[in-house]
Amino acid sequence: MGSIAHYIKEIGRGARGAKPLAREQAADLFGQILDGAVTDLEIGAFCLAMRVKGETTSEMAGFLDATHARLAKLPASDRPVVVLPSYNGARKLPVLTPLLALLLAREGLPVLVHGSATESSRVLASEVLALLDRPAWSSLRRIGDGEVAMVGTELLHPGLQRLLDVRRVVGLRNAGHSVVKLMQPVDGPAVVIGSYTHPAFAAVMTELFELLGMTALLSRGLEGEVVSDPRRTPQLDGFLRGRPVPLQAQQPGTQAEVPGLPASIAAADTAEYTRSVLAGRLPVPPAIAAQVDHILQLTSHA
């Protein structure tokens, strides 16, 4: 077994006394965790220490370096793959990530939705996609144009799934939950759709997209999901190989009602709403239609 005790000593001195790790140190630390080379006690200490300290941009870059070096990636597709991380699911509003995925696929794009259950009380995109005849894949392969792939995190890296599962024991999010929303699990051109809940993390994500030269879209998520809130017009920021591209300014106000949007968050009701929108029986919410247009714009230059 390895040891990350010397790293924990640096990051575990509290919000004021902790020292940030260099990118190379962060990569070594996170790599040992992903490889299962450290004890459960050390993993718990890491998760809590980082929770108190907060991740710096260089640390997140190191965590992503370690992750990308170990991921089982999907082969490149003919067109840039749109990557939709989906780890939060529905809490108060229906999970509309499947709708976004299927609208993008209808435009001929290959779409990867990856995720896992991190809270047992939420309705997940994978449940809705299964009801729409897009069950989770059991192995990795190339995504065709106009195809939606639902891939569980454990297929991409079992160690990453183990780190996410720590939340069920500790009850708190950890750095793994940030990594999965930023990683690029495709061995070829991709557009990563990112979202944030807290403005401080938006700044870190912006710096990371620039530092790592990624093509991405960033906005405030819907209960932690990457799809735009259908009731609002959010700010959308794009990145082309790391270069910032302003796409859409935030508009004030919240729409009182979204036509046909179910009050229930149940997977069956969400699937039926999604079917109705795709069939034209209900309108595509303007915020999501705009998000699709901006993602198409980014993929055309990726």
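The legends below describe close-up views of a predicted model.

View A. Seven strands make up an open sheet of mixed pairing, arranged in the order 4-3-2-6-7-8-9. Strand 4 (148-152) and strand 9 (243-248) form the edges, each pairing on one side only. From one strand to the next, the twist averages 20 degrees.

**View B. Strand 2 and its parallel partners.** Strand 2 (residues 81-85) runs parallel to strand 6 (residues 190-196), and three bridges join the two. Within this pair, Val81 has Ala190 of strand 6 as its bridge partner. Strand 2 is also joined to strand 3 by four bridges, again with parallel strands. Here Val83 stands opposite Leu112 of strand 3.

**View C. Strand 3, covered on both faces.** Five of the five residues of strand 3 are buried. Val111, Val113 and Gly115 lie on one side of the strand, while Leu112 and His114 lie on the other. Strand 3 runs parallel to strand 4, to which five bridges join it. One of the residues involved is Val113, whose bridge partner in strand 4 is Met150.

View D. Helix 6 lies across strand 2, strand 3 (111-115) and strand 4, and makes an angle of about 175 degrees with strand 2. Helix 11 (residues 199-211) also packs on the sheet, where it touches strand 6, strand 7 (216-220), strand 8 (236-240) and strand 9. The direction of helix 11 is at about 175 degrees to that of strand 7.

**View E. The nonpolar cores.** The largest nonpolar core contains 55 residues, and Phe30, Phe46, Phe63 and Leu112 have the most contacts inside it. Helix 11 gives the most to this core, contributing six residues. A second, separate core has 43 residues, including Leu84, Leu132, Ile193 and Ile288.

**View F. The surroundings of Phe63.** Leaving aside neighbours within four places in sequence, Phe63 is in contact with Ala26, Leu29 and Phe30, among others. Phe46, Met50, Glu55, Ala175 and Val179 are also in contact with Phe63. Of the residues around it, Ala26, Leu29 and Phe30 are among the buried residues of helix 3.

**View G. Helix 3 and the helices around it.** Helix 3 (residues 23-34) has 12 residues and reaches 16 Å from its first C-alpha to its last, close to the 16 Å expected. Its buried residues are Ala26, Ala27, Leu29, Phe30, Gly31, Gln32, Ile33 and Leu34. These residues pack against helix 1 (5-11), helix 4 (40-53), helix 5 (57-70), helix 9 (158-170) and helix 10 (175-179). Just after helix 3, the phi of Gly36 is positive, at about 70 degrees.

**View H. Helix 9 and its cover.** Helix 9 has 13 residues and a reach of 19 Å from first C-alpha to last, close to the expected 18 Å. Gly159, Leu160, Gln161, Leu163, Leu164, Val166 and Arg167 are its buried residues. They are covered by elements including helix 3, helix 4, helix 5, helix 8 (153-156) and helix 10.

View I. Helix 12 (residues 267-278) has 12 residues, and the 16 Å from its first C-alpha to its last is close to the 16 Å expected. In this helix, Ala267, Thr270, Ala271, Tyr273, Thr274, Ser276 and Val277 are buried. Helix 6 (97-106) and helix 7 (125-131) are among the elements that cover these residues. Gly280 follows helix 12 and has a positive phi, near 85 degrees.

**View J. Pro286 in helix 13.** Pro286 belongs to helix 13 (residues 286-299). Its relative accessible area is 59%, so Pro286 is exposed, the cut-off for this class being over 50%. The C-alpha atom of Pro286 is separated by 8.9 Å from that of Arg232, which is 54 residues apart from it along the chain.

Key. Residues numbered from 1 in each chain as written. Predicted model: local features only at pLDDT ≥ 70, side-chain atom pairs only at ≥ 80, totals over all residues. Heavy atoms only, no water. Expected span 1.5 Å × (residues − 1). Buried < 20%, exposed > 50% of the residue type's maximum accessible area, 1.4 Å probe, protein only. Contact = heavy atoms within 4.5 Å. Pairing = 2+ DSSP bridges. Axes fitted to C-alpha atoms, helices over the stretch in contact; angles between N-to-C directions. Core = buried A, V, L, I, M, F, W, Y, C linked by side-chain atoms within 4.5 Å.
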